[in-house]
Amino acid sequence: MTQIIAPEKVNLTFAPNQSDNFKSGVMAEFSQETLAMTKRLFIQLQRRPSTLIAGIIQPFMWLVLFGALFYNAPKGLFGNELNYAQFLAPGIIIFTAFSGALNAGLPVMFDREFGFLNRLLVAPLSTRYSIVAASTIYIIALTFIQTAVIVIASAFLGAGWPSLAGLGAIALIVFLIVLAVTALSLGLAFALPGHIELIAVIFVTNLPLLFASTALAPLNFMAGWLQIIASLNPLTYAIEPIRYLYLHSDWSINSVVMETPWGEFSFGNVLLILLAFAALILLTIQPLLKKRFA
Amino acid sequence: MTVAVSIKNLQKRYGNTEAVKNVSFSVNSGEIFGLLGPNGAGKTTTIRCLTTLAKPDAGEIMISGISAIANPRLARQKIGYVAQEVALDKMLTGREMLQLQADLYHLKPKFAQPRIEQLINALGLQEYADNKTGTYSGGIRKRLDLAAGLLHQPEVLVLDEPSVGLDIESRFIFWDFLRELKKAGTTVLITSHYLEEIDALADRLAIIDQGIIISEGSPNELKDKIGGDRITLRIREFTSENEANNAKNLLVSLPFVTEVIINKAQGNSLNLVVTQGNNLSKIETSLTSLNLPIFSMSQSRPSLDDVYLAATGRTLIDAELAAAGSRDLKAEKKQQMK
Ligand SMILES: Nc1ncnc2c1ncn2[C@@H]1O[C@H](COP(=O)(O)OP(=O)(O)OP(=O)(O)O)[C@@H](O)[C@H]1O
Ligand SMILES: [Mg+2]
């Protein structure tokens, strides 16, 4: 320590009537703490952009590789007038969003392991959901960038463009799935003992959920048992409506966007299911956030 | 006098370890209070309960009238916490860390900005504030962490072993800083296993050992309570056991001597517990009668170590050494994350 600390030059007084210095109101507090934590994630990204770069290259490679894999598939195999690029784009969009969100818990887990999380937990946060909110905003932003890249790349690979309203609807679906899965991953980050376990869970969930959805192949390609699983898989409920949006410019909330062994689902149904899925997870993780005595 | 922190019958166990068995003490507003104890005594566990990071199994924790257990969010507002292990985001600069902290405590920007600059200056961080914290040395990290803890002008500043890893000079500067803080009205609760630190800083202290508070009071009160003075006597630089024993037998028979211990580790020097008063000349006279020389002799008030020794039957250093062998740090870290 070379310089001398000169405390007499500063006002170190704790002011008993200091409330003037603080924001008040739950919304003001929530947005302040959430923005601050979000900003931290973006600063990290800016100084360590490799995650973003990898996150853009990876879906691009999926598109190219899977596209090439089925390049010579018989015409009409994936449905009339449907080429594989069109079929694939929605699957890759959702899978990318899902993977990104599933990994959201990792930074939080590392914060826990390095003790940084304690800094957040001893602070008078208005709610610990702001930790979830910050991660969600961050992942959403990343996912939207990735989604844009996928949509553009797919257009070049022959998938065409969804309508403008369709793009908005895609954004909404992506948002819901990211919200749900980010919350799930953060819940795990609070619940599991360490990052090894979290990585293990991510590892065994990620690809199996991809293959047990309609991301790469339609339901009617699958074995009966897998059809059932895929029809239960929330990813399918996100992929199918986007696929519909890619093919139909004249869609509405009542359009039937998917068929499962237990019936047809309209666009509105699917949105409700995704919403319910997100709400269910947010409620489930509440005790985990509170666990350390909120 | 108002009470800033009051802890009553606190208990906390981790699995089979009773980290805190029964801890009670209270910290008055505006004082520096020391929690002194050897490694593994339960200091950090107590602090984790106080800062709402751990939920006590039993007991009561009040922070200026607010229960940290019933009302953790309000309690958090009143505390500034400098943890034993500094956790910074190594990708952020010091200034960005402070900004983040300011937002976590909901400071208004117009207050936060000057406050951040103030603390950067006060803690001599100007040169480092815009470097990533990943490049900081241990001392700089500690100082930034202290700045972060002070940002919201907490009523109570809680420091868990702040001077571990600081060089002597930094430590003194740190102490001065805490004294200034106290002058300005902040209550400071500091844990330490350095006697000198608590002796030099604390207005009052509690000694904790194996999860139990064994005494509480001002340094002087505690020293007075165990009574007497201490005399350290060296007959020669290295005294033979025989001579030391002879001297001991002679000295215990003196009326003002209550106890004599031969310290083998210190070249068979003699440690005497005596009643207060000028005893040195009398000792000198009796030693001369046995034809024993005096290499060095000094009388002093009991130290906090003597207080600890009197209460536990071992010195703080011995307790540290015993604790060092018996902890599973990895398992603790795991537990702590829960
Ligand atoms: N998370 C934990 N899991 C299991 N045992 C723990 C945990 N934390 C502390 N302990 C045990 O509880 C006792 C008190 O530990 P604590 O960390 O509170 O001591 P301390 O006084 O802070 O020690 P130090 O001076 O080394 O920091 C020790 O025996 C320790 O092994
Ligand atoms: Mg400790």
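Helices are DSSP runs of H or I with at least four residues, and strands are runs of E with at least two, both numbered from the N terminus. The structure is a predicted model, in which local features need pLDDT of at least 70, side-chain atom pairs count only at pLDDT 80 or more, and totals for chains, interfaces and linings use all residues. Residues are numbered from 1 along each chain as its sequence is written, chains are lettered from A in the order in which they are written, and side-chain values use heavy atoms, with hydrogens and water left out.

In chain A, helices α1 (26-47), α2 (50-69), α3 (84-102), α4 (105-114), α5 (116-122), α6 (129-159) and α8 (195-211) each supply at least two residues to the lining of the second largest pocket. The largest contribution, eight residues, comes from α6(A).

Eight aromatic pairs are found over all chains (rings of Phe, Tyr and Trp, the last by its six-membered ring, with centres within 6.5 Å; planes under 30 degrees apart are stacked, over 60 edge-to-face, the rest tilted). The ring centres of W251(A) and F267(A) are 5.0 Å apart and their planes meet at 40 degrees, so this pair is tilted. W251(A) lies in the loop between α10 (234-247) and β1 (256-260) of chain A, and F267(A) in helix α11 (residues 267-290) of chain A, so the pair ties together parts 16 residues apart in sequence. In chain B, Y128(B) and Y136(B) form an edge-to-face pair, with 6.3 Å between centres and 70 degrees between planes. Ring pairs also join W62(A), F66(A) and F95(A) into a cluster.
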